[in-house]
Amino acid sequence: MADRHVAVGVDGSVVSVRALDWAADEAARRGLALHVVYAVPDRDEAGPVLAFAAARVRARRPRLPVLTVAAEGDAVRALAGASRAAALTVVGSRGLGGIAGRLLGSVSLRLAAHAHGPLLVVRGDRPCDRRGDVLLGLADDADDAGTDAAGFAFQEAERRGARLRVLHAAAPRHGASEPPAPVPAAVPGGERPGRRERAAEAVPRPGPAGPRERRPRGVEGEAGARTAPARALLEATREAAVVVVAARRREGRLRPRPHSLARTLLHRSHCPVAVIPAQ
């Protein structure tokens, strides 16, 4: 089943320890077990790192069930496999900048192209329990790819008791660099209003029933930027708890395009990024 646990990749680095803390908090918030995965050439090498990870989780979350898994081989392959049965897979990002940040070899970016379910890439330096908004970033050409992301974003805001903000933004196209211009999402003459409206309508609205703290404090729709690099959305990630974005499957595999909104956020977001594959 896809709702049994949260999976997290570790490697002993400071970055992966932050991802571990986030994953433990997310698992506790969902009432799920945590699976800690360490991919190594030889399973005998995994003991110390996994023991440290398990001890840290138990110290912070004594009641959280924890399972450690040593996997041989490539980290992306191991975590992609783990994502098949996970409600959420968590991995750290080194946040490389400049030329290095644009390379295709980072684990987080490669995993975003292979994960079989929601992937949370921990960026920035904020704690998991930060009282910020949940952002839903909808690409300018959003269609059915945004419906699963909308559902995930609503549930995440519900779990956190946070406000859900919906922003429409365009990712870079052919190196475009003009400043962003706000455009109402549904005004006559707006770009592709039909697709935008379908994606926005996929966001459930808070209902009258249920405990107040289990519902988002509000769903706020906003205009976004027409042009790259979705500066309004990137700026909003400075104060957000997490940003949610969809990624489409192409030829049976999730592949964020070079200038996609998901890829832009994975490289430049100031807060963790939840990448949701379209089904």
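Begin by selecting Arg56, which sits in helix 2 (residues 47-60); helices (H or I, at least four residues) and strands (E, at least two) are DSSP runs, numbered from the N terminus. This is a predicted model, in which local features need pLDDT of at least 70 and side-chain atom pairs count only at pLDDT 80 or more, while totals for chains, interfaces and linings use all residues. Residues are numbered from 1 along each chain as its sequence is written, and side-chain values use heavy atoms, with hydrogens and water left out.

**Arg56 and its partners**

Arg56 is partly exposed, as its relative accessible area is 29%. The classes are buried (under 20% relative accessible area), exposed (over 50%) and partly exposed (in between), with a 1.4 Å probe and protein chains only. Show what Arg56 touches: Val17, Leu20 and Asp21, not counting residues up to four places away in sequence. Contact here means heavy atoms within 4.5 Å. A C-alpha to C-alpha distance drawn from Arg56 to Asp21 reads 8.3 Å, for two residues 35 apart in sequence.

**Arg63**

Move on to Arg63, in the loop between helix 2 and strand 3 (66-72). Buried or exposed? With a relative accessible area of 85%, Arg63 is exposed.

**Helix 1**

Select residues 14-30, which form helix 1. Why does its length agree with expectation? The 17 residues of helix 1 should span 24 Å at 1.5 Å a residue, and its end C-alpha atoms are 25 Å apart; the expected span is 1.5 Å times one less than the number of residues. Of those 17 residues, 12 are buried, so by the definition of buried the helix is mostly covered. The buried ones include Ser16, Val17, Ala19, Leu20, Asp21 and Trp22. Gly31 follows the helix and has a positive phi, near 70°.

Within helix 1, pick Asp25. Its relative accessible area is 9%, so Asp25 counts as buried. Leaving aside neighbours within four places in sequence, Asp25 is in contact with Arg60, Arg61 and Cys128.

**Val122 and Val90**

Next select strand 5 (residues 119-122) and find Val122 in it. Val122 is buried at 2% relative accessibility. Which residues does Val122 contact, leaving aside its neighbours within four places in sequence? They are Arg18, Ala19, Trp22, Val90, Val91, Gly92, Ser93 and Pro272. Pro272 is 150 residues from Val122 in sequence, yet their C-alpha atoms are 4.3 Å apart.

Follow that contact list to Val90, whose own contacts, again leaving aside neighbours within four places, are Val6, Ala7, Val8, Gly9, Ala19, Ala23, Leu120 and Val122. Val90 is among the residues with the most contacts inside the largest nonpolar core, together with Leu34, Val36, Leu136 and Val244. That core has 43 residues. A second, separate core of 35 residues includes Ala78, Leu119, Val243 and Leu261. A nonpolar core is a set of buried Ala, Val, Leu, Ile, Met, Phe, Trp, Tyr and Cys residues joined through side-chain atoms within 4.5 Å.

**The largest cavity**

How many cavities of 30 Å³ or more does the structure hold? There are two. The largest has a volume of about 60 Å³. Select its lining: Trp22, Glu26, Arg30, Leu88, Leu120, Phe152, Glu156, Arg160, Val242, Val244 and Ala274. Helix 1, helix 6 (145-160) and strand 11 (242-247) each give two or more residues to this lining. On a 1 Å grid over the protein atoms alone, a cavity is a set of points where a 1.4 Å probe fits but cannot get out, and lining residues have an atom within 4 Å of a point. Grid points are joined across faces, edges and corners, and the volume is the space filled by probe spheres set on them.

His168 lies in strand 7 (residues 164-169) and is buried, at 5% relative accessibility.

Finish at helix 9 (residues 261-268), where six of the eight residues are buried, so the helix is largely enclosed by the rest of the structure. The buried residues are Leu261, Ala262, Arg263, Thr264, Leu265 and Leu266.

Key:
1 Å grid on protein atoms, 1.4 Å probe; cavity = no way out; pocket = protein on both sides within 12 Å on 5 of 7 lines; lining within 4 Å.
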